[in-house]
Amino acid sequence: MAAHTLRGLCRPRPGLALLCARFSQRPAAGTEYRSSHSLDKLYPPRQDGTAARTTEEPQPPALDIPMARLTVSYSRSSGPGGQNVNKVNSKAEVRFHLASADWIPEAVRQKMALMHRNKINRAGELIVTSEESRYQMRNLAICLEKIRAMVTEAIEKPRVVSKETTQKLIERVEKMNRERLRQKKIHSTIKQSRKADFD
């Protein structure tokens, strides 16, 4: 019995060898642990000068936002986090002077001033805030993504609707109105037929 147990312990096990090999691998020199909420992962630097192309249509390059030109501040949040929001300044606020932001084209700046005039204070600063997350760095990344979305929205040109598309839309609306009036007349007839005749 003891010999059988000893033979079982000495028998090589492939799963154990694989586990030992996995844990014996050491990280390469120069690597260090980075949290998943670190700024370089939430707002990674661009490796090349072009944005990733997800569709066949050409996409504009991703906007490089100079962090040195932004004023970033943190305050207490009313968003998620439970009692944590009473102790940590997790709400992020990013502001910059829109008229002097030369990293945005002038025509785009003028359009942004019209589109987002309710977010510009008297000093001409565009203010973007985020309190969606309980983490400072994630809220900062959301603010930067909002600024990118504003610039992209201002760059996009309005689509020109053709005459055929306009005519189709008009015909569709007229057809919907005719159907609505027909259903209304049917409903009125049903209600009239339910009335009792006392004469």
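Which residues in H4 meet which residues in H5? In this predicted model, where local features need pLDDT of at least 70, side-chain atom pairs count only at pLDDT 80 or more, and totals for chains, interfaces and linings use all residues, Val108, Lys111, Met112 and Met115 in H4 meet Met150, Val151, Glu153, Ala154 and Ile155 in H5, a contact being heavy atoms within 4.5 Å. Residues are numbered from 1 along each chain as its sequence is written, and side-chain values use heavy atoms, with hydrogens and water left out.

The residues of this contact of H4 with H5 divide into 7 nonpolar, no polar and 2 charged, where Ala, Val, Leu, Ile, Met, Phe, Trp, Tyr, Cys and Pro count as nonpolar, Asp, Glu, Lys and Arg as charged, and the others, Gly among them, as polar. The two helices pack at an angle of about 105 degrees, with their axes 9 Å apart; axes here are lines fitted to C-alpha atoms, for helices over the stretch in contact, and angles run from 0 to 180 degrees between N-to-C directions. That makes H4 roughly perpendicular to H5, because angles of 65 to 115 degrees count as roughly perpendicular, those under 35 as roughly parallel, those over 145 as roughly antiparallel and the rest as oblique.

Turning to the chain as a whole, its secondary structure comes to 6 helices and 3 strands, in the order α-α-α-β-β-α-β-α-α from the N terminus on. Helices (H or I, at least four residues) and strands (E, at least two) are DSSP runs, numbered from the N terminus. Among contacts between residues at least 6 apart in sequence, 59% join residues at least 24 apart.

The 3 strands form an open sheet in the order S1-S2-S3, with antiparallel pairing; two strands pair if DSSP finds at least two bridges between them. The edge strands are S1 (71-75) and S3, each of which pairs on one side only, and the twist averages 20 degrees from one strand to the next. S1 and S2 pair over 5 bridges, and threonine 71 has arginine 95 in S2 as its bridge partner, whereas 6 bridges join S2 to S3, where histidine 97 is partnered by glutamate 125 in S3. Helix H5 lies across S1, S2 and S3, running at about 135 degrees to S3.

Leaving out residues up to four places away in sequence, serine 90 touches Ser75, Ser77, Ser130, Ser133, Arg134, Tyr135, Gln136 and Asn139.

The largest nonpolar core has 21 residues, and those with the most contacts inside it are Ile65, Leu70, Phe96, Trp103, Ile104, Met112 and Ile147. Such a core is a set of buried Ala, Val, Leu, Ile, Met, Phe, Trp, Tyr and Cys residues joined through side-chain atoms within 4.5 Å. Strand S2 (91-97), helix H4 (106-115), strand S3 (125-130) and helix H5 (136-155) each supply at least two residues of this core, and H5 gives the most, with 7 residues. Within it, tryptophan 103 is in contact with Leu63, Asp64, Ile65, Pro66, Arg69, Leu70, Phe96 and Ile147, leaving aside its neighbours within four places in sequence.

Terms used. Buried < 20%, exposed > 50% of the residue type's maximum accessible area, 1.4 Å probe, protein only.
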